Amino acid sequence: MFFRHTKPGGWVEFIDLDLTWTSPDGSLTESSASKKFNNEFIRLSRESNIEPCPGLFLEGWMKDAGFTKVQAEKFVWPVGTWPKDKHLPLQKEVGAWNYIQIMEGLEAFTFALFTKHLGMSKAEVEVICAKIRTEIRDPKMHAMFYLHVAYGQKPETSATS
């Protein structure tokens, strides 16, 4: 659709996430409530025909659509203010905002998938969310995921212009 509605020679940019949580230092372990939640969230989303990690596919989708000069980049999207890199001062601010949106939105991300597909009660989901919040509040937890950006150009001449 975007290809069809882009003028020949026009540029487009897409931004999306890979919601797979990880950590640069191993502080997010496979046994943590946060990682278990994330793995289950990813699995249930896909079973519901929702791709929770579309950022991974942006570059390929653009090329498949016919865009040229496609470039893709990925950026660390921290959960919290833990980043220490002096060369990337905005990571602390991004991490703070991401922390807030996760802390405030956790139930909204979770209830439908976990109650409908796992048969959990509201109280059971609230317990999981409380465990995740406790882990995320720990300054030693360096959770993160990636933000993907891809951009490209529609050829000047195209068979489907």
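K154 lies over the face of F3, 4.7 Å from the ring centre. Likewise, the charged end of K74 sits over the ring of Y146, at 4.1 Å from its centre. A charge sits over a ring if NZ of Lys or CZ of Arg is within 6 Å of the ring centre and within 35 degrees of the ring normal.

This is a predicted model: local features need pLDDT of at least 70, side-chain atom pairs count only at pLDDT 80 or more, and totals for chains, interfaces and linings use all residues. Residues are numbered from 1 along each chain as its sequence is written, and side-chain values use heavy atoms, leaving out hydrogens and water.

Next come the ring pairs. The whole structure holds 7 aromatic pairs (rings of Phe, Tyr and Trp, its six-membered ring, with centres within 6.5 Å; planes under 30 degrees apart are stacked, over 60 edge-to-face, the rest tilted). Two of the pairs are tabulated here.

| Pair | Centre distance | Plane angle | Class |
|---|---|---|---|
| W11 and Y151 | 6.4 Å | 45 degrees | tilted |
| F57 and W61 | 5.5 Å | 25 degrees | stacked |

W11 belongs to strand β1 (residues 11–22) and Y151 to strand β3 (residues 144–153), so their pair ties together parts 140 residues apart in sequence. Strands are DSSP runs (E, at least two residues), numbered from the N terminus.

W11 is partly exposed at 49% relative accessible area, and Y151 is partly exposed at 29%. Partly exposed lies between buried (under 20%) and exposed (over 50%), with a 1.4 Å probe and protein chains only. F57, at 33%, is partly exposed. W61 is partly exposed too, at 46%.

Finally, W21, F37, F41 and F114 form one aromatic cluster.

Key
Helices (H or I, at least four residues) and strands (E, at least two) are DSSP runs, numbered from the N terminus.
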